[in-house]
Amino acid sequence: MQRRDKHNYYLDIAQTVCERGTCLRRNYGAIIVHNDEIISTGYVGAPRGRKNCSDLGYCIRQQMNIPRGERYEMCRSVHAEANAIISASRRDMIGATLYLVGIEKSTGELVANSCCCAMCKRMVINSGIKEVVIRDTNDEFRIIDVNDWIENDESLIGQKGY
């Protein structure tokens, strides 16, 4: 029996977490792993006590035709990365890896060229997470060194989206 490589093993778990998401456009699942231990998980959903878009039956960003990666202040949801970070202790996240998977709600396909938004990048940087692993296909992924986000600050050049 051939074992799944470690990154895909954790990405598979993040993809399962993704299924809990309540967004009508895209659902993401995130897990934070340190020393081969899952520290926390997170998925896309409205803040506790508020109705989710899936409960309301509409997405305000979709109704306004807001492009992917822009105007997140209009979104009802907390992102998967943010929810995973909120649920973990910083001391457990220092040097950890965040695994991220995105699924298009309309097709069930993986989100192409997925990445953390600008706000989530800032939270990842401050959390002490060392790297982010993002699923591109069921077997392929990218590993991003968080130091690259520190050195290449897209906010200084006005870059939008992701």
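Rings of Phe, Tyr and Trp (for Trp, the six-membered ring) count as an aromatic pair if their centres lie within 6.5 Å. Bear in mind that this is a predicted model.

**Stop 1: the rings**

How many aromatic pairs does a search of the whole structure find? There are 2. Select Tyr10 and Tyr99. Their ring centres are 5.2 Å apart and their planes meet at 40 degrees, so the pair is tilted. Tyr10 sits in helix α1 and Tyr99 in strand β3, so this pair ties together parts that lie 89 residues apart in sequence. Are Tyr10 and Tyr99 buried or exposed? Both are buried. Ring pairs link Tyr9, Tyr10 and Tyr99 into a cluster.

**Stop 2: charges on helix α1**

Side chains of opposite charge can pair when their charged atoms come close. The count here is 7 salt bridges. Stay on helix α1, which covers residues 6-18, and select Asp12. Asp12 forms a salt bridge with Arg4, with the closest N and O atoms 2.9 Å apart. Asp12 is partly exposed, at a relative accessible area of 29%. Arg4 is partly exposed too, at 35%.

Next, select Arg135. Arg135 also forms a salt bridge with Asp12, and here the closest N and O atoms are 2.8 Å apart. This pair links distant parts of the chain: Arg135 belongs to strand β4 (residues 131-135), and Asp12 in helix α1 is 123 residues apart from it. Arg135 has 2% relative accessibility; buried means under 20%, so Arg135 counts as buried.

**Stop 3: strand to strand**

Select Arg26 and Glu104. They form a salt bridge, the closest N and O atoms being 3.3 Å apart. Arg26 is in strand β1 (residues 26-34) and Glu104 is in strand β3 (residues 97-104), so the bridge, within the 4 Å limit, links parts 78 residues apart. Both Arg26 and Glu104 are buried.

**Stop 4: a charge without a bridge**

Move to helix α4, residues 80-86, and pick Glu81. Which side chain of opposite charge is nearest to Glu81? Lys121 is, at 9.4 Å. A salt bridge needs the atoms within 4 Å. Glu81 is buried yet has no salt bridge. Show what surrounds Glu81. Beyond its neighbours within four places in sequence, Glu81 is in contact with Ala30, Leu98, Leu100, Cys116, Cys117 and Cys120.

Technical notes:
Residues are numbered from 1 along each chain as its sequence is written. This is a predicted model: local features need pLDDT of at least 70, side-chain atom pairs count only at pLDDT 80 or more; totals for chains, interfaces and linings use all residues. Side-chain values use heavy atoms; hydrogens and water are left out. Helices (H or I, at least four residues) and strands (E, at least two) are DSSP runs, numbered from the N terminus. Buried means under 20% relative accessible area, exposed over 50%, partly exposed in between (1.4 Å probe, protein chains only). Lys and Arg count as positive and Asp and Glu as negative; His and the chain ends are not counted. Contact means heavy atoms within 4.5 Å. Rings of Phe, Tyr and Trp (its six-membered ring) pair if their centres lie within 6.5 Å; planes under 30 degrees apart count as stacked, over 60 as edge-to-face and the rest as tilted.
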